[in-house]
Amino acid sequence: MPPVSSSQSHPAIPDASRAKKLQLLGIVSGFAAGAWLGAAEAPTKLVSIGVSPMVISLIMVIGVFLARWSLPALILGTSSVRADVRRAPHLVIWALLAGCLWAVANTLTIFAIRDIGLSIAFPLWNSNSLLGILWGFLFFNELRQAGWRRRAGVLGGALVMCVGATLLAIASSSGHGPAAHSLHGVWAALGAGILWGTMYIPYRKAYLTGMNPLSFITFFSFGELGMMTVLSVGSLGLAPLWRELLGARSVIFWLMLGGFVWVIGDIFQQYAAKYVGISRGIPLSNSNQLWGLLWGILVFGELHSRSSSIYVEVIGGSLLMMLGVGAIAFSSASGQEQTRWKDAAIRESDRYGVAADFVEARMDGRQLLGELKPSRSALDWLLVLLATSVFVIFAAMARVPQMSLHWTPAALLTAVLFLLLVICGLALWRTTRFN
Amino acid sequence: MHSSSTNQPNTSRLASILTDIHFWVPVAVLIGGLLLLRFIR
């Protein structure tokens, strides 16, 4: 049977109030993503206590893997994942590909943090938003028929972010660590930005085709764990890797926790990409830069005793980037632009034979008429139990790293994280039931 | 209203994937990233 042709039967766009609500939801999800993704990078500071960057990245990915299976099982149940894959099996390829991109990017960020520091590396790899805007425009009709004001908001915001990133790059080359490593760190951070920016092609493709973010990330995890394992074994060898893992057992819990926190941020980021597109969703998620800066400076004492000009460059660059993010956030998609998004969705459903009514319902954040409600089975609870047990076992082995940490700001930032989790989680549940 | 099932044959689906630029751009970037990682290490 030929692919379903849907261009005749698609209604234009959901009603205006629903569309507006989904846009707002995407924006709130983007900000919540920023807070959680920013917090997740903090454990990578442990690289300064002598654990190999590869091992840190691998352990974080193991935490991510556990979270990516247990959280979807807890929220919707794996039956909904299976149903999604039956409808759009081709997306498994893109999920695996995105996972591989993520793993390589994450490893590069660890090298970048080691060489140029979290405060500086963060904004550099957050240049991924520029690439996301380009891919969104080229491939998914984003910013088409958006009007000059919205285009100026997104493109102007991106330009301001570029200036901010440049300022930070200049700061990075002014005396932090050996010069050769400093340049490597800049390359690593920018490379991570390109990989992450491109990773959003699979994301957007999946969500235009109607896949649930929770289903997508489940398969994504195989790509990232597989790639990370290949990188680690290829780089260190099996026996030395095992020895390093044994040597790092007292910090495994913290790194896995970093991976777990990252997944929560990523889930919000996926919903942002789904409801406001990647050209807006990525910059919003990239407010993690500010959160990373807060964690770096307040909790880890970064930039302590550095010259005031470095402070000015780093803070000024970060503020410029945030200004750009703000401009993008206030340039939400118009009805006409959303119609173009729908055209891109129709193209995908036609190309891969995905039912048009399914694509349409999922773009509107709802279930298909007559679709079975997702339910949890014994398998889902088993997955949650297994993941929890692994975390508990490593928590029992964990020791607080011998680093100078400031616990009061850490507690305050954690409280804000949970507040955002509750607010955004409830909003997603009430509006879409996580569809 | 269209059916909610997917009926595209596997060969056709594979051809659709391999001729999709959305596939090749991430593949090219991934290869570039691996080369960069090798260079940095």
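Helices, here DSSP runs of H or I of at least four residues, are numbered from the N terminus, as are strands, which are runs of E of at least two residues. The structure described is a predicted model, in which local features need a pLDDT of at least 70 and side-chain atom pairs count only at pLDDT 80 or more, whereas totals for chains, interfaces and linings use all residues. Residues are numbered from 1 along each chain as its sequence is written, and chains are lettered from A and ligands numbered from 1 in the order in which they are written.

The model scores ipTM 0.85 and pTM 0.79. In terms of pLDDT, the predictor's confidence in each residue on a scale from 0 to 100, chain A has a mean of 81, with 90% of its residues at 70 or more. Among the elements of chain A, the lowest mean pLDDT, 72, belongs to helix H5 (residues 118-125), and the highest, 91, to helix H18 (residues 407-432). Residues 1-13 of chain A have a pLDDT below 50, and this stretch has 30 contacts in the model beyond near neighbours in sequence, a contact being a pair of residues whose C-beta atoms, placed from the backbone, lie within 7 Å. Chain B averages a pLDDT of 81, and 73% of its residues score at least 70; over residues 1-5 of chain B the pLDDT is below 50, and 13 contacts beyond near neighbours in sequence are found for this stretch.

Helix H9 of chain A (residues 213-236) comprises 24 residues and reaches 34 Å from its first C-alpha to its last, close to the 34 Å expected at 1.5 Å a residue, where the expected span is 1.5 Å times one less than the number of residues. Just after H9(A), Gly237(A) adopts a positive phi of about 90°.

Helix H12 of chain A (residues 278-285) packs against helix H6 of chain A (residues 128-140), their axes coming within 8 Å and crossing at roughly 170°; H6(A) is therefore roughly antiparallel to H12(A). The contact involves residues including Trp135(A) and Phe137(A) of H6(A) and Ile282(A) and Pro283(A) of H12(A), and its residues divide into six nonpolar, five polar and no charged.

The axes of helix H1 of chain A (residues 16-40) and H12(A) come within 7 Å and cross at roughly 35°. Among the residues making this contact are Gly30(A), Phe31(A) and Leu37(A) of H1(A), together with Gly281(A) and Leu284(A) of H12(A), and the contact residues divide into five nonpolar, five polar and no charged.

Note on methods:
Axes fitted to C-alpha atoms, helices over the stretch in contact; angles between N-to-C directions. Parallel < 35°, antiparallel > 145°, perpendicular 65-115°, else oblique. Contact = placed C-beta atoms within 7 Å. Nonpolar A, V, L, I, M, F, W, Y, C, P; charged D, E, K, R; others polar.
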